[in-house]
Every structure is written in structure tokens, then in C-alpha cells.
Amino acid sequence: MKTESKPPLTEALAKLLELVLSARDVLIGTHLNPDGDAIGSALAVSLWLDGLGVPNEVICHNPPPGYLEFLPGAERVRLAPERKGHDLGIVVDLDALDRLGACRPYFEAVPQLVLIDHHQPHEMPGDLRIVDPASPATASLLVDLFVTADATEFTPNLLPVAPQRGLQGRPSKSVTPDMADCLWVGLVTDTGSFRFPNTTAHALHQAAWLLEHGADIARVSDEVYLNRDEQSVRLLGEAIHRMKTDCEGRIAWVVLPPELYEELGAKEEHTEGIVNEILSIRTVQSAFVLRAGKHGKVKGSLRSKGGLDVAKVAQEIGGGGHKNAAGVTIEGSLEEAEAIVVRALREAIRC
Ligand code: 5GP
Ligand code: MN
């Protein structure tokens, strides 16, 4: 695959391989309310370790959302580890350990921790950190690592079996078609199906590479995008109905109270995607959605277009993320949180 000028990953890969090949049991984790990149990346790492013969478990604060249950290995994601005594942790797609939610203590207990991530770093957890905020997805960083692994002699060949489903090119030594599905989901969802500004030429080369290596993109599209619960679409309808705007339509937002979820029989995961619908309004520079989380906390999703950096806005009020997609968890009522986010955005937009 063609690559653009990125720092060589060989060194990071060598360290990663050294750690995983000497580990007895690896604990893999990702952030709470996991999305496609979180689950796709965690499962790709798990399947990779399977191929290397390294025992591993995957845990997450929440089970995978319904639209990711089809992914190879999704059934292995647990809320807590089944075994004890893991000697290596690998966490993916998060920039701060509190994003692990209830899984955090398990990772604090492992003697060595690897972090693979693409968020703007603010906390710096992990003994080995493979972090690139320029990378569109954690899955994209993993593809780089696996492509690098293929080019090294010291990588064991994971793919002795032929023929491989959907394989259009020479088999990869590291990436099976099942892994390609997981990585494809991460890349597709975090780039908004290759529409967001984080979609680089490199990401598109990686997409082609994953297709060549067995990713079943038609299946993934059906499972991820044509598989919504009815409540999800009804919640979207209610959300749009309740939308508020400010600054001559440059900010638009929705506050979703718990009663609404009860009334519709909707779940937390049904909130995903609403914020992007609001952002699609021509005048809107920034959109956000607030909903009541657990323990009196409010969960906010922020999005922006172009130069407006909502990661900075989110960091100012205790959250984080990427330039055009960030999130925050605020203690207090929905009304209080609404006032905090509106004020921070008005300051950022200067209106
Ligand atoms: P989403 O709005 O899809 O939940 O999250 C968008 C981005 O913001 C993700 O990259 C996610 O990691 C980050 N993010 C979401 N919620 C939080 C939060 O409460 N704290 C921090 N630090 N980042 C968040
Ligand atoms: Mn991600």
C-alpha cells in the first residue's frame, strides 16, 4: 500500500510485539458507550492476539451496541474480566482512563499498559503509547501497524489457511478477513463513511487495502446503516422537533430528557447520529445533543464544521475528543449542562 510521510511505526510495533509475545494473558479494553471504532479496534486487537497464540479477553463498560453485534468476536466482549492476573493491558480509542468507566480498575491493576489512540492527547496514560491525532480512526492506526508488521520478518504468519473469504489480493500475514471487517467498521464509522474532513488519501488507500484483504463491505453497510431500531428513528423525530437554535442559527442543539426515552422505549445508544442530523443545517457551525447519563451526570455530544474546534470547547468544560467531534460529561441537571455548553460555544463562536 502507498503511504504518505508518517513517522515510522516500526519501533512502536517492535515494542508492542515484544510486550504481547511475552505476555501470559492480555486484557483489552475500550471506552464506555463504545462506537464502531472502539469495538472494531478492540476486536481486531483481540483477533490479532488469537492469531499470535496470546490468550486475551475484551472488556467494556457497556456491551457492544446492537448494530455491532454481527462483528466477528463481538460475543467475547464482557463487562468485567472472567480471569485474573492479566500481565498486559491494551486500551484503544480513548485519551483518558476515566473513559473506561467501571472497567478502569482492571486496567489500573495490570503491570503494563499499552494505549493505541487517535484523540488529542490530554492525559497521557500507558507505558507504551501509540497515539496519532492525525489518524482518522484508531482502526486506521492499527492498519498501519499491521501493514508494518507484514513487512517485518519477525511477524509470525497468521494466515496459513486458503482460500480466504473475499480476498482480492495476496493474503496479509497479520490481517484475516474477520479482522478486516472489524477494522473497516472503525474506519468507515469514524470518517462518516469517508465524508468527514479527517478522510485522508491515506485512509482511502487503507480502505482499498482492507477490501483487498477480505472486508465484506456490503455486509457491514447493511448491518451498520440499514439496521436501526424503530425507537431510534422515532427518537430522532422527537429530537428534531425539540431542536433549539441560537446565534442566528449558528448553534443548534437538542436536550433529551430521560422521560422521552421511557416514553419511546428508546435506549442510550439510540442517541447516536442525532447530532450529525442537526449539524446538516446550512447555517449551523456547531451542534450538540445532551441527555441524562447515570449518577446525575449529563452526557453531551458536540460537533462542528470547518475550523471551529469543539475538542477545545469540550476540554474547557471537562471533556475532550477531536476538532470536529467531541464529547463531555457534566455533573448537574440537564438545564445546568445546557447553559454551560451554550455559553462555551457562544464564546468559541464569539456571538
Ligand atoms: P460522541 O459524541 O460520539 O459520544 O463522542 C465524540 C468524541 O468525543 C469521541 O471521540 C469521544 O471519544 C469523545 N468523547 C465523548 N464523550 C466524552 C467525554 O465525556 N469525555 C471525553 N474526554 N471525551 C469524550
Ligand atoms: Mn475513534
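These questions and answers cover a metal site and salt bridges in a predicted model. Local features need pLDDT of at least 70, side-chain atom pairs count only at pLDDT 80 or more, and totals for chains, interfaces and linings use all residues. Residues are numbered from 1 along each chain as its sequence is written, chains are lettered from A and ligands numbered from 1 in the order written, and side-chain values use heavy atoms, without hydrogens and water.

Visitor: Which residues coordinate the manganese ion (ligand 2)?
Guide: Donors are N, O and S atoms within 2.8 Å of the metal (3.2 Å for Na, K and Ca); water is not among the atoms, so sites may look incomplete. Here the distances are 2.2 to 2.3 Å. The donors are D37 (OD), D93 (OD), H118 (NE2) and D190 (OD).

Visitor: Are D37 and H118 buried or exposed?
Guide: Buried means under 20% relative accessible area, exposed over 50%, partly exposed in between (1.4 Å probe, protein chains only). By that scale, both D37 and H118 are buried.

Visitor: How many salt bridges does the structure hold?
Guide: A salt bridge is a side-chain nitrogen of Lys or Arg within 4 Å of a carboxyl oxygen of Asp or Glu. R83 and D25 form one, at 2.7 Å from N to O. The structure's total is 12.

Visitor: Which residues are linked with D25 in a network of salt bridges?
Guide: R83 pairs with D25. The network joins D25 to E57 and R83.
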